[in-house]
Amino acid sequence: IVVGGMKKQVIVQGSYKPVESQGQSWEIFSAFFNGFVHKADIIVFIFIVGGAFMIVQRSQSINIGIRSFLNYTQSLKQNRWLKWVDNLIIAGIMLLFSLFGAVFGMSEETIAFVLVFVPLAVSMGYDAIVGVAMCFVGAGLGFAGAILNPFTIGVAQGIAGLPLFSGLEYRFFCFAIINLIGIGYVIRYASRIKKDPSRSPVAEINQIWKQQEDQETEPVIKPVKTTSGWLVYVLLSVALSVFAWVYPVSTMHIGASEISGPFLAFAAVLFILAGFFSLRHSVHYFVLLLLFFSIVYIIIGVMGHGWYIMEIATAFLALGIFSGIALGYSADTIVDQFMDGIKDIASAALVVGLAAGIIEVLEAGKIIDTILYGISNAFRGAQPAVAVNLMYIFQIFINTFVPSGSGQAALTMPVMAPLSDLLGISRQAAVLAFQFGDGFTNMIIPTSATLIGVLGMAKIPFEKWFAWMWPLQVILILTAMVLLTIAVNFRFNGF
């Protein structure tokens with residue numbers, strides 16, 4: 001059938017008939033080859049996105065942007081009428097990292113920011129847990145409530161045969177609710193520690209960070225200006241103006257609604273103005289601007305011009321190349337950093353191919369349908385709200401052993417997507433169950449390498465972090481169940 005302009009296979013109720021299984025021996029190896037071939041578009045997509053973001057990350061542009069933000073907010077505290085700004089700082093930083101997690105899947109990158117935010121939190125009168133929460137929990141909330149994350153939403157929807165980033169409106173609502181709960185939890189805890197620092201479960205660790213802060217001086221952020229940055233600015237300004245001329249009107253499809261307007265022209269004008277002022281200050285701010293407008297154009301492209309994986313990967317590739325040129329990197333440096341990004345993300349891409357190979361073996365052996373039939377029978381009679389929450393619990397269980405978002409999507413969505421057809425649940429709801437199941441528990445499971453790395457950098461013992469985190473986990477898991485129940489009981493756009 002055709003859904004949202006895309007073809008997808010569905011399972012017909014009552015069509016299951018047992019057939020004799022076919023043993024697989026040497027075919028296993030060719031099945032893995034076929035798995036990589038069939039998921040080549042997603043694998044290449046992951047490689048390109050990983051390589052492009054490595055160039056941006058290595059430039060320290062994100063780090064510099066955050067430090068500039070912190071310096072500005074700290075200056076506000078000089079005004080006695082703005083003493084409450086601390087809560088705004090915590091909320092603002094967490095929301096910023098949440099957007100990073102929701103849009104491009106920031107996770108491992110938060111390890112580096114621990115060294116920025118833990119000392120900041122301690123100097124503000126809080127503790128190391130608040131510092132970790134600012135970046136790591138913020139990114140985790142966004143990762144779970146992803147809006148445009150190509151590594152989770154993009155991969156899962158691609159495998160499920162759904163239009164890329166469809167169902168945006170309800171996911172944005174979920175993102176808002178999740179952040180409201182998570183940020184509120186952290187601010188409430190931070191206020192309690194501010195009033196009575198002795199209540200901190202990591203009081204002795206705070207002392208270590210205070211002593212270390214007394215011995216260090218904060219690095220000075222120096223503006224960097226490059227001729228190549230202005231060259232990229234002029235080139236992109238001309239190119240975006242041409243695109244705006246060729247496509248004067250974009251019709252944005254938001255679920256069943258349509259909005260037409262000169263969105264490309266508006267984006268081009270904003271880029272020209274913002275690019276000029278950012279380059280006058282520092283090329284690092286221009287790189288951040290390139291990242292921001294890449295996301296803007298991806299949104300316009302996906303919703304207004306039918307972009308899919310190839311076009312989005314192309315936008316990210318352009319982001320990486322133009323960022324490198326603007327920073328004054330040589331071609332060799334750009335390629336080296338791009339390759340480092342591919343190496344960093346290679347495990348996720350390989351898992352996608354290997355997981356597809358497993359599905360190939362199951363299909364060739366004539367047992368995949370039997371597995372689906374057995375699971376659907378186990379869920380038979382369950383209300384859609386119950387069934388989708390069982391799928392969610394299953395994803396939480398799998399996430400304990402496969403904490404990779406892309407890997408888990410590749411492993412579970414080929415089964416969960418057709419299973420949702422059998423259970424009368426939309427595939428979009430199945431993707432949402434995967435999204436929640438993959439996201440929240442990454443902040444507490446000991447099998448998450450990112451969590452262990454973050455706690456190691458912050459010097460926080462796992463058991464103390466677990467004691468602080470588990471109440472929030474319970475709240476978030478119950479919230480996810482409510483949001484999933486709402487998703488299957490009401491027909492939202494894209495569901």
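Let's start at Q60, which sits in the loop between α2 (40-58) and α3 (61-76); helices here are DSSP runs of H or I with at least four residues, numbered from the N terminus. Before going on, a word on the source: this is a predicted model, where local features need pLDDT of at least 70, side-chain atom pairs count only at pLDDT 80 or more, and totals for chains, interfaces and linings use all residues. Residues are numbered from 1 along each chain as its sequence is written, and side-chain values use heavy atoms, with hydrogens and water left out.

Back to Q60: its phi is near 65°, a positive value in a residue other than glycine. Q60 is partly exposed because its relative accessibility is 40% (buried is under 20%, exposed over 50%, partly exposed in between, with a 1.4 Å probe and protein chains only).

Now, what about cavities? A cavity is a set of points on a 1 Å grid over the protein atoms alone where a 1.4 Å probe fits but cannot get out, and lining residues have an atom within 4 Å of a point. Volume is the space filled by probe spheres set on the points, which are joined across faces, edges and corners.

The whole structure has 2 cavities of 30 Å³ or more. The largest has a volume of about 60 Å³, and its lining includes V103, P150 and F316. Two or more lining residues come from each of α12 (283-305) and α13 (309-326).

The second largest cavity holds about 40 Å³ of space. Among the residues lining it are L168, V302 and M303, and α12 gives the most, with 4 residues.

Notes:
1 Å grid on protein atoms, 1.4 Å probe; cavity = no way out; pocket = protein on both sides within 12 Å on 5 of 7 lines; lining within 4 Å.
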